[in-house]
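Thanks for coming, everyone. Please have a look at the model on the screen. I'll talk you through it.

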Amino acid sequence: MPPRFYINKAIDTGQVIELPCDTRHYATRVLRLKTHDKIILFNGMGGEFSANIINIKKSNIKILIDQHHDSEFESPLNIELAQAICTNEKMDWIIQKAVELGVTRIQPISTNRSVVRLSAERVEKRLRHWEKTIVSACEQCGRNHLPPVLSVLSLADWLSNKKTEQGDQQFNFMLSPTTEKTLSNYPRPASDAKILLAVGPEGGFTSEEEKNFLHTGFTPVRLGQRILRTETAAMAAVAAMQTLWGDF
Ligand code: SAM
């Protein structure tokens, strides 16, 4: 597999472009790419482009875009992962793995027991950082569409938005270790259905928050009989959905 790079602009076959400077070090020092090497470019606008390196210098890497390929590797499931904000390393890990496992979008939510509290300025910084994590996960796993990470919302605001959006084709799950039902108790969602998956923070959701989920039409589901860490729970639930109803 030739290495894949994300380009944040419209590109077309026959064009000569420069690789963005923030990827130059990775391309030359880590991947040790040379003139005539093949690479893949994608810009999130559909499909990917095969391309050739035509010139490598310290100051720039020139690429000739060869062919467009209509390939897409998106999951058939439309999953919004609402992840309670947890420590920075765990959030990075969850976002990276959620992209690999095929989620459609990621909604970070602040909850009563979230240990990390982000100021408005820190939220912006984290969002930029998470977007970079998403780009590198897509470069690595082959997705040609970047799943968005949405701006942080309080759980109450996110739930009230969902209340107004509610439609028939929506499956709303809240992970709760103390409930009875599991994901396998539910049928495959229709192909246009949206799945919302809410995962609690390290200390779990409070009982008030759990009540709020129930009032908003969420179904609590359990993953086995053991208490998982928040990052394990999120990934196990997405992998289980892909196995039950998606493309695993
Ligand atoms: N004592 C907390 C509680 O009872 O919720 C444990 C929180 S757990 C470490 C963090 C989050 O992961 C939970 O809020 C839940 O969303 C999810 N989780 C962990 N284990 C789970 C399980 N076996 N089934 C469903 N969700 C689970």
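Thr-164 is exposed, with a relative accessible area of 71%. Exposed means over 50% relative accessible area, buried means under 20%, and partly exposed is in between, with a 1.4 Å probe and protein chains only. So Thr-164, at 71%, falls in the exposed class.

Before I go on, a word on where this comes from. This is a predicted model, in which local features need pLDDT of at least 70 and side-chain atom pairs count only at pLDDT 80 or more, while totals for chains, interfaces and linings use all residues. Residues are numbered from 1 along each chain as its sequence is written, and side-chain values use heavy atoms, with hydrogens and water left out.

Back to Thr-164. Where does Thr-164 lie? It lies in helix 4. Helices are DSSP runs of H or I with at least four residues, strands are runs of E with at least two, and both are numbered from the N terminus. Thr-164 and Val-123 are 41 residues apart in sequence. In space, their C-alpha atoms are 25 Å apart.

Stay in helix 4, which covers residues 155–165, and find Lys-162. Is Lys-162 buried or exposed? Lys-162 counts as buried, because its relative accessibility is 5%. From Lys-162 to Met-91 is 71 residues in sequence. C-alpha to C-alpha, that pair is 23 Å apart.

Next, strand 8, residues 153–154. Leu-153 is partly exposed, because its relative accessibility is 23%. Ser-154 is also partly exposed, with a relative accessible area of 26%. Two distances here. Leu-153 and Pro-177 are 24 residues apart in sequence and 23 Å apart from C-alpha to C-alpha. Ser-154 and Glu-74 are 80 residues apart in sequence, and their C-alpha atoms are 28 Å apart.

Now a loop. It runs between helix 1 (21–30) and strand 3 (38–42), and Arg-32 is found in it. His-36 is in the loop between helix 1 and strand 3 as well. What is phi for Arg-32? It is positive, about 55°, although Arg-32 is not a glycine. His-36 also has a positive phi, near 80°, and is a residue other than glycine. How accessible are they? Arg-32 is exposed, at 55% relative accessible area. His-36 is exposed too, at 66%.

Let's move to the ligand. How many residues surround the ligand? There are 18. A residue is near a molecule if one of its heavy atoms lies within 4 Å of it. The closest are Leu-175, Gly-200, Leu-223, Arg-226 and Leu-228. The shell around the ligand divides into 10 nonpolar, 5 polar and 3 charged residues. Here Ala, Val, Leu, Ile, Met, Phe, Trp, Tyr, Cys and Pro count as nonpolar, Asp, Glu, Lys and Arg as charged, and the others, Gly among them, as polar.

A ligand oxygen is 2.7 Å from a polar backbone atom of Leu-175. A ligand oxygen is 3.0 Å from a polar backbone atom of Gly-200. A ligand nitrogen is 2.6 Å from a polar backbone atom of Arg-226. How much of the ligand does the protein cover? It covers 84% of the 560 Å² of accessible area that the ligand has on its own. Those areas come from the Shrake-Rupley method with a 1.4 Å probe.

Last, the whole chain. The protein chain has 6 helices and 11 strands. Its C-alpha trace spans about 60 × 40 × 35 Å along the principal axes. Of its 248 residues, 47% are buried. Lys-162 is one of the buried residues. That's my tour; over to you.

Technical notes: Polar contact = N/O pair within 3.5 Å; in protein donor to acceptor, adjacent residues only side chain to side chain.
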